[in-house]
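Let's go through a structure together, one feature at a time. Have a look at it first, and then we'll talk.

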Amino acid sequence: MTTIDREGLKFSDAKLIIGLEVHVQLKTESKLFCGCSTQFGSNPNTQTCPVCTGMPGTLPVLNEKALALSIKTGLALNCEIARYTKWDRKNYFYPDLPKGYQISQFDKPVCGEGFVEVKIPKSDEPARKIRLERAHLEEDAGKSVHDESGKGGVSKIDLNRTGTPLLEIVTKPDIRSAEEAKAFLTELKLILGYVDVSDCNMQEGSLRCDANVNLHFTDGEEAVATPIVEIKNLNSFRAAERAITHEARRQFKEFRETGETIDDAPKQTRGWDDSAQKTTPQREKELSADYRYFPDPDLIAVVISEQEIEDAKSSLGDLPAALRETLQSEYGLNDYDSDVIVSAGREMVDYFRAVADGSGKPGKPNGKMASNWVGQEVMRYLNENAATIEAYPVAADAMAELLARVTAGEVDQTRGKEVLAEMLASGCDVQEAFDKLGIVKVDSSDLDALCQQLIEENPAVIEEIKGGKVKAVGSLIGKARKINPNVNPGVLRESILKIIGL
């Protein structure tokens, strides 16, 4: 039992230790060791065969695409790729795992150590590398469907998921807060989407997470840790953040009351009750020895060639971290704006770059304006219409032309947005939208005449401006827009100030 003064402890004295295990369903049409479909939503038990249910006399055959996607994922996560990998049987009983073992990988996973660089949004803390311990291929179990009405109904088993290819990505215990865990999961999902290895649909179970959580306390030379708890099957980032936050507080309270440490109690598995916002005990966690791993006698080991690795590398493309740097160094965006564009996906980055390049000058893209319009006008439309950038009605070259004409002063930003709205509504091009809205460039003589009119009709305002209240020119701009909506506010402002000698 620890001698740490538990009564005097504060929660802020605790160091939160978190490790994540993320199960990612790979984007294959068939299962890991048989030809059954992985399509989601089919009628129960319509996508099974003797192989994926482990019937005697059947032999599994490796899905090569699943292995290729695993290699690609490992490279994107900076992992060492094994040249030799093999398959093992992990023995345990679940009602929805009829053959009594899961084909997984024990000591020779396809992906070794790697890392993901993570930055907590809106935090001044620098990005940190979260180390990965490994990523291994395994088959999924089935699904138990329980009657939760409390009326004593039966539980049913759906084996459609049995044998679905999963890549289990395991971090080292490097994560230090619930916010950082959420940031890690967000970045991981983004990377997986960029390399197109999974649809990461959490509602359909394509991305699931277990969180291993405990607290460390130090008092002088004594250091103790609370028992590790594994929170199972977190199916949303929000749930992961809330569950970890709750579990940390629960462990702190329990340690204050009992003093129980990691040496006093085995690892425990707890579930997350989202409606009650608390974790609940499920079972004591088995250790690897309890699973009685042994090499699967029905599957041969795989030797991965250098050419396969090089092919996978060449298919990665630019990854989110590199693209953020590019948008900052080449397009002048700040951290926030570059993250907004990159987080919207590779297609959005391509759209933004085409707009910025097309609306700027050779070698000098119009990055900031393109970021403002894409980040606000384009994304607002996509959110309101639940659409993707591929379905956005205004092509990148048309958007670039509009921004170039705004930059050239042919139309101000406000009227430019009216032009965009017309293009979205009617599908017309930029010039057609200009014509429909009656937008023409105001020549210098008309502008001078308008300025003179405003000066003569508003002597009090002019005196305010001359007296130092330059902002008062804004009221003249409003009056000018009523007389001629095509007048450019910026040009008008400069002209008035010039005429009155400021």
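Q: Where does the charged end of Arg 249 sit?
A: A charge sits over a ring if NZ of Lys or CZ of Arg is within 6 Å of the ring centre and within 35 degrees of the ring normal. Here, the charged end of Arg 249 sits over the ring of Phe 11, 3.8 Å from its centre. Arg 405 has its charged end over the ring of Phe 434, 4.1 Å from the centre. Keep in mind that this is a predicted model, where local features need pLDDT of at least 70, side-chain atom pairs count only at pLDDT 80 or more, and totals for chains, interfaces and linings use all residues. Residues are numbered from 1 along each chain as its sequence is written, and side-chain values use heavy atoms, leaving out hydrogens and water.

Q: How many aromatic pairs does the structure hold?
A: A pair of aromatic rings is described by the distance of the centres and the angle of the planes. Rings of Phe, Tyr and Trp (its six-membered ring) pair if their centres lie within 6.5 Å; planes under 30 degrees apart count as stacked, over 60 as edge-to-face and the rest as tilted. This structure holds 11 such pairs. One of them is Tyr 92 with Tyr 94, edge-to-face at 4.6 Å centre to centre and 80° between the planes. The pair of Phe 106 and Tyr 293 is stacked, because the centres are 4.3 Å apart and the planes are at 15°. Ring pairs link Tyr 92, Tyr 94, Phe 106, Tyr 291 and Tyr 293 into a cluster.

Q: Is Tyr 92 buried or exposed?
A: Buried means under 20% relative accessible area, exposed over 50%, and partly exposed in between (1.4 Å probe, protein chains only). Tyr 92 is at 16%, so it counts as buried, while Tyr 94, at 31%, is partly exposed.

Q: How many disulfides does a search of the whole structure find?
A: A disulfide is a pair of cysteine sulfur atoms within 2.5 Å. The search finds 0. Take Cys 52: the closest cysteine sulfur is in Cys 49, 3.9 Å away, which is too far for a bond. Cys 52 is also buried, with a relative accessible area of 3%.

Q: Which residues of α12 are buried?
A: Helices (H or I, at least four residues) and strands (E, at least two) are DSSP runs, numbered from the N terminus. In α12, Leu 447, Leu 450, Cys 451, Leu 454 and Ile 455 are buried. They fall within an arc of 135° seen down the axis, so they line one face of the helix; the arc is that of the directions from the helix axis to the C-beta atoms. The face turned away from the buried side carries the exposed Glu 456 and Glu 457.
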